[in-house]
Amino acid sequence: MPARKPIVVDTNVLIAANGADTEWMSIASACANRLDSVKNGETVCVDSLGLILKEYGNKLPSRSRHGFGDMFYLWLVRNRTNPAFCQHVEITQLLPPADGFAEFPCLSEELTAKIDRSDRKFIAVSHAHAEKPPIVQATDCKWIGWKQGLAETGITIEFVDEVFLQPYYDRKMGSVE
C-alpha cells in the first residue's frame, strides 16, 4: 500500500462541501470530492493543541451532521488517533502581545500583517511538519495573495478551484497582488 501524503485542510473546505451556503454551491461538489480524496489517500495534519479540530466542530453550520463536510469531520474525529488518517503536529501557541505560533514561518512584516490570526494555525502546522504539506483552500480568496510569500518558505496552497475564486479576490483586493 502506498504511503498516504500529508495534507492540511482549511475549515472552509468542509463548510463549502456541506452545500449549505448558496454563494459556494457551485464548488460544493468539488469540495466534497476533494474531501473524499483526502479520506482515501492522504493523512490530515492537525495541530497538537486541538485548535483545528475544535474550529471544524464549531464552524460547521449543520446541526444534522449529514453534509459532506460534516461527515468528513465525524470521520476525522473517529480516526483522530489513527496516524494513517490523522497526524497531530506539535505547535506552540505564543501568548500576547506576540500572539501566534512559534512555528509560524518568517515572512515579511507586510504579509504577516495581512494573514488572519485564525488562519495562522494552518500555516504553522504546515511549516512545522517535516514535509510541509499543502494547505487545501476553498473559499477564502485572501490566500491567493498569500500564496507566493508562503511558497518562498516551502508552503504550498492547493485551491479546490482557483479560477472560481480569483474574481472574489480581484473584487475584494482591488487587483491581483
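Analyst: The account below begins with the sheet and then turns to the helices.

This is a predicted model, in which local features need pLDDT of at least 70 and side-chain atom pairs count only at pLDDT 80 or more, whereas totals for chains, interfaces and linings use all residues. Residues are numbered from 1 along each chain as its sequence is written, and side-chain values use heavy atoms, with hydrogens and water left out.

Five strands form an open sheet in the order β3-β2-β1-β4-β5, with parallel pairing; strands here are DSSP runs of E with at least two residues, helices are runs of H or I with at least four residues, and both are numbered from the N terminus. Two strands pair if DSSP finds at least two bridges between them. The edges are held by β3 (86-89) and β5 (157-159), each of which pairs on one side only. On average, and with direction ignored, neighbouring strands of this sheet are turned by 40° against each other; axes are lines fitted to C-alpha atoms, for helices over the stretch in contact, and angles run from 0 to 180 degrees between N-to-C directions.

Strand β1 pairs in the parallel sense with β2 (residues 42-47) over three bridges, and Lys5 stands opposite Glu42 in β2, while Ile7 stands opposite Val44 in β2. Helix α2 packs on the sheet, where α2 touches β1, β2, β4 and β5, and its direction makes about 100° with that of β2; contact means heavy atoms within 4.5 Å. Helix α6 also packs on the sheet, touching β1, β2, β3 and β4, and its direction makes about 165° with that of β1. The pairing of β1 with β4 is likewise parallel, over two bridges, and in β4 the bridge partner of Val9 is Val136. Four of the five residues of β1 are buried, so that β1 is mostly covered; buried means under 20% relative accessible area, exposed over 50% and partly exposed in between, with a 1.4 Å probe and protein chains only.

Helix α1 (residues 11-18) is largely enclosed by the rest of the structure, because seven of its eight residues are buried. Those buried residues are Thr11, Asn12, Val13, Leu14, Ala16, Ala17 and Asn18, and they pack against β1 (5-9), α2 (25-41), α3, α4 (68-78), α6 and β4. Just after α1, Gly19 takes a positive phi of about 70°.

Helix α6 also meets α3 (residues 51-59): the two axes come within 10 Å and cross at roughly 145°. In this contact Leu51, Ile52 and Glu55 of α3 meet Lys121, Phe122 and Val125 of α6. The residues of the contact divide into four nonpolar, no polar and two charged, where Ala, Val, Leu, Ile, Met, Phe, Trp, Tyr, Cys and Pro count as nonpolar, Asp, Glu, Lys and Arg as charged, and the others, Gly among them, as polar.

Finally, Lys132 lies in the loop between α6 (120-128) and β4 (135-137). Its phi is near 45°, a positive value in a residue other than glycine, and Lys132 counts as partly exposed because its relative accessibility is 24%.
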